[in-house]
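Subject: Structure handover and findings

Hi,

Here is the structure I promised to pass on. Please open it alongside this email, and then read the notes below.

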Amino acid sequence: MHCTTEKPPPPIDPTKNAATQMADEALLQARMLAIRQRLFVLSGKGGVGKSTVAVNLAIALARHGRRVGLLDVDVHGPSIPTLLRVPDGRIRVQGNTMLPVEGGPGLKLMSIGYLTTSGSDAIVWRGPRKHSVIRQFLSDVRWGELDYLVVDCPPGTGDEPLAVVQLAGEPAAAVVVTTPQEVAVADVRRCLTFCHQVDLPIAGLVENMSGFVCPHCGHAVDLFGAGGGESLAREAGVPLLGRIPFDPAVVAGGDAGSPFAMLDADTPTTRAFHGIVDRLLGIEVS
Ligand code: ADP
């Protein structure tokens with residue numbers, strides 16, 4: 001895999017004068033300096049379980065005693081407020097600063113979904129506006145000291161992943177989520193190319209919905225084909241962090257706003273997930 005374009009410079013807001021832009025930049029740098037690692041959760045297409053992986057990853061890291069923020073930069077279809085329900089989850093504003101919503105095991109959460117009044121609001125943004133919203137999510141939110149900022153990016157390789165990767169800085173790594181089918185794997189190749197283009201190290205691939213363990217007989221069935229993520233990881237020379245089976249409990253937990261990583265259940269899904277988290281904890285991202 002190789003780069004086909006130069007890394008583009010972050011857009012500059014033409015409505016701001018040079019002094020304001022320098023002050024904005026200094027604030028962003030100061031906030032990002034307090035964050036030890038960023039994990040960008042990416043996928044080639046929607047519906048593969050990227051937000052599910054992001055929210056459970058953030059919860060699991062927090063349950064390992066890490067200080068964790070979870071930022072949802074899907075400004076059109078935010079999922080985090082649905083997947084992790086926080087009663088009265090609203091962003092509070094103090095002066096020019098937004099206070100993240102606190103939820104789960106001590107997580108600091110930020111999503112456009114906490115700013116809208118209804119989950120069904122359609123949010124229409126143009127590119128430059130999206131960029132400035134994402135900048136605000138990083139610089140105007142009082143994240144404080146964090147061990148990890150987990151970022152749930154919208155699917156694909158558009159404006160939002162590009163903006164947040166460029167603005168949030170380093171150390172950082174990508175966790176790329178796919179399902180095993182060839183069509184999902186083809187989309188994920190673009191994601192890997194994106195990471196190379198923006199100089200984002202790849203922590204590894206997660207193959208989600210990888211087989212179905214029958215709750216009655218315990219027999220494993222490959223619902224969506226098998227091993228696509230595994231062979232892609234080999235081909236691309238990136239680690240396979242793990243394979244999460246298709247599990248109705250994951251859907252139920254997501255629908256109830258109570259992700260499975262909040263529970264202490266011992267199932268093939270939780271075991272697979274803990275393996276992924278242990279692998280990530282063992283990786284020093286740069
Ligand atoms: P994406 O962020 O990629 O669009 P989501 O995380 O929103 O995907 O997941 C899409 C749907 O798939 C949700 O209903 C979620 O509960 C379900 N899902 C995700 N992972 C699994 C899994 N391992 N087993 C069963 N359902 C899953």
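**Loops and backbone**

Pro-171 sits in the loop between α5 and β8 (172-178). Helices here are DSSP runs of H or I with at least four residues, strands are runs of E with at least two, and both are numbered from the N terminus. The peptide bond joining Glu-170 and Pro-171 is cis, with omega about -5°.

First, the ground rules. This is a predicted model, where local features need pLDDT of at least 70, side-chain atom pairs count only at pLDDT 80 or more, and totals for chains, interfaces and linings use all residues. Residues are numbered from 1 along each chain as its sequence is written, and side-chain values use heavy atoms, with hydrogens and water left out.

Two aspartates have a positive phi. For Asp-88, phi is near 55°, and the residue is not glycine. Asp-88 lies in the loop between α3 (80-83) and β3 (92-94). Its relative accessibility is 74%, so Asp-88 counts as exposed. The cut-offs are as follows: buried is under 20% relative accessible area, exposed is over 50%, and partly exposed is in between, using a 1.4 Å probe and protein chains only. Asp-199 belongs to the loop between α6 (182-197) and β9 (202-213). Asp-199 is exposed too, at 52% relative accessible area.

Gly-158 is in the loop between β7 and α5 (159-168). Gly-158 is partly exposed, with a relative accessible area of 35%.

**Tyr-114**

Is Tyr-114 buried or exposed? It has 4% relative accessibility, so Tyr-114 counts as buried. Its place is the loop between β6 (107-111) and α4 (127-139). Neighbours within four places in sequence aside, the contacts of Tyr-114 are Ile-80, Pro-81, Leu-84, Val-86, Gly-89, Arg-90, Ile-91, Val-101 and Leu-109. Contact means heavy atoms within 4.5 Å. Gly-89 is 25 residues from Tyr-114 along the chain, and their C-alpha atoms are separated by 6.4 Å.

Look at β7 next. Seven of the seven residues of strand β7 (residues 146-152) are buried, so the strand is largely enclosed by the rest of the structure. Strand β1 (residues 35-43) runs parallel to β7, and six bridges join them. Strands pair here if DSSP finds at least two bridges between them. Ile-35 has Leu-146 as its bridge partner in β7. Strand β2 (residues 68-72) is also parallel to β7, joined by five bridges. In that pairing, Leu-70 is opposite Val-150 in β7.

The largest nonpolar core has 82 residues. Such a core is a set of buried Ala, Val, Leu, Ile, Met, Phe, Trp, Tyr and Cys residues joined through side-chain atoms within 4.5 Å. Phe-40, Leu-71 and Val-164 have the most contacts inside this core. Helix α2 (residues 50-63) gives the most to the core, with nine residues. Beyond its neighbours within four places in sequence, Val-164 is in contact with Phe-40, Leu-71, Val-73, Ile-134, Leu-138, Val-151 and Cys-153.

**Ligand**

Which residues come nearest to the ligand? Of the 15 residues around the ligand (a heavy atom within 4 Å), they are Gly-47, Lys-50, Ser-51, Thr-52 and Asp-247. A polar backbone atom of Lys-50 lies 2.9 Å from a ligand oxygen atom. A polar backbone atom of Asp-247 is 2.9 Å from a ligand nitrogen atom. From Asn-208, a polar side-chain atom is 2.9 Å from a nitrogen atom of the ligand. The ligand taken alone exposes 570 Å², and the protein buries 82% of that. Areas come from the Shrake-Rupley method with a 1.4 Å probe; for residues, only the protein chains shown count as cover.

**Whole protein**

The protein has nine helices and eleven strands. Of its 286 residues, 51% count as buried. Of the contacts between residues at least 6 apart in sequence, 79% join residues at least 24 apart. The protein exposes about 13,100 Å², with carbon and sulfur atoms supplying 55% of it.

Best wishes

How values were computed. Polar contact = N/O pair within 3.5 Å; in protein donor to acceptor, adjacent residues only side chain to side chain.
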